[in-house]
Amino acid sequence: MIGIYHITSEFNILVIPDLAISIVSIYMAGDIFLDVSYHVGKSISFSEKYVGLFIVGFAAIVDEIIMSVMAAAENLGTISFGTIQGSNAITLLAFFILIPLYYKSGISKFRVDSYVITVTAVALLIISFYFVKVPYYVGFVTLIIFLFYVIRKVKSSEIESEIVAEEVYPSYFGILAIAVIMFASYNMINSALIVSHILNVNTFISSFFLLGFFGSLPEIMMMSISLRDNRRDVSIGMIAGSTVYKETILFSIIAFIGTLTFRDSFFSLILMVVFSIVLIIYSIIFV
């Protein structure tokens, strides 16, 4: 893995094939994991929507959780927040492009999710006016939003059809697939760090665009695979769930570590507010 090499001022040619192998690994592992998640969802009587929200949505961001927490623990809170914001923005942008083509009949079911994403984005923007270095207790704000979201979903009275699925792979293949996705994503993130070091760009900017892009790849790939399988609600649920999780519970964890900072992030906070409003508009237009 490229992560074992020391970062130098010279470009290491191994970065390119390393990235290619990681991307292929994520796609193949994502395909297996989705098949397993469909079967697991059926065994616990989940609908496609809730498979996407609670199973795939969380699995898709395991790599970002590890990366962000590790960065925060090493006093690199700027990288942690930049990665979260960049990943959310890039994933939502890809989703917006696809909504008119594939999701017009399903997006309205996730209107509450878009409201939660918007409230969180606005709350973070307001908090950024008061703090640059985020105090640990701010994490309770997003934690409360996360708990509200989960409780609201669990107690939802919506009637959803149970997902239809056959067992293609044994359940333990899902765990192996998550491990492959996690290590391949971590590998890509290390490669992105090398590139950002070589380009000598602002820490938040590099984490937003480079780490955010590579961090969003598992979600984008799982979204494309679920579309291929004609499971739109799974992919919408995954996007909604992973976005909420990153904005709320992951933000809280990093805030509690005590190294989170809003430095240089104002444009990303504005962008997330705009994107979340666009998500609400889409959910209202396409009924």
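Modeller: Let's start with N230, which counts as exposed because its relative accessible area is 61% (buried means under 20%, exposed over 50%, partly exposed in between, with a 1.4 Å probe and protein chains only). Keep in mind that this is a predicted model, where local features need pLDDT of at least 70 and side-chain atom pairs count only at pLDDT 80 or more, while totals for chains, interfaces and linings use all residues. Residues are numbered from 1 along each chain as its sequence is written, and side-chain values use heavy atoms, with hydrogens and water left out.

N230 belongs to the loop between α8 (203-228) and α9 (helices are DSSP runs of H or I with at least four residues, strands are E runs of at least two, and numbering starts at the N terminus). Its phi is positive, near 60°, and N230 isn't a glycine.

Next comes α9 itself, residues 232-257. Two packed helices are described by the angle between their axes and the distance between the axes. For α9 and α2 (residues 48-59), the axes come within 7 Å and cross at roughly 45°; axes here are lines fitted to C-alpha atoms, for helices over the stretch in contact, with angles from 0 to 180 degrees between N-to-C directions. The two helices are therefore oblique to each other (under 35 degrees is roughly parallel, over 145 roughly antiparallel, 65 to 115 roughly perpendicular, and the rest oblique). This crossing is right-handed, that is, the near helix is turned clockwise from the far one by less than a right angle, with anticlockwise making it left-handed.

Contact means heavy atoms within 4.5 Å. By that rule the α2 side includes L53, F54 and F58, and the α9 side includes V234, M238 and Y245. The residues of this contact split into eight nonpolar, five polar and four charged (Ala, Val, Leu, Ile, Met, Phe, Trp, Tyr, Cys and Pro are nonpolar, Asp, Glu, Lys and Arg charged, and the others, Gly among them, polar).

I163 counts as buried because its relative accessibility is 2%.

α9 also packs on α5, with axes that come within 10 Å and cross at roughly 35°. That crossing is left-handed. Among the residues that meet are V116, I117 and L124 from α5 and A240, V244 and F251 from α9, and the contact divides into seven nonpolar, three polar and two charged residues.

As for confidence, α5 (residues 111-128) has the highest mean pLDDT among the elements, 94, where pLDDT is the predictor's confidence in each residue, from 0 to 100. The protein's mean is 82.

Past α9, the loop to α10 holds D264, with another positive phi in a non-glycine residue, about 65°. D264 counts as partly exposed because its relative accessibility is 43%. S265, in that loop between α9 and α10 (266-285), counts as buried because its relative accessibility is 0%. Leaving aside neighbours within four places in sequence, S265 touches F81 and F204.
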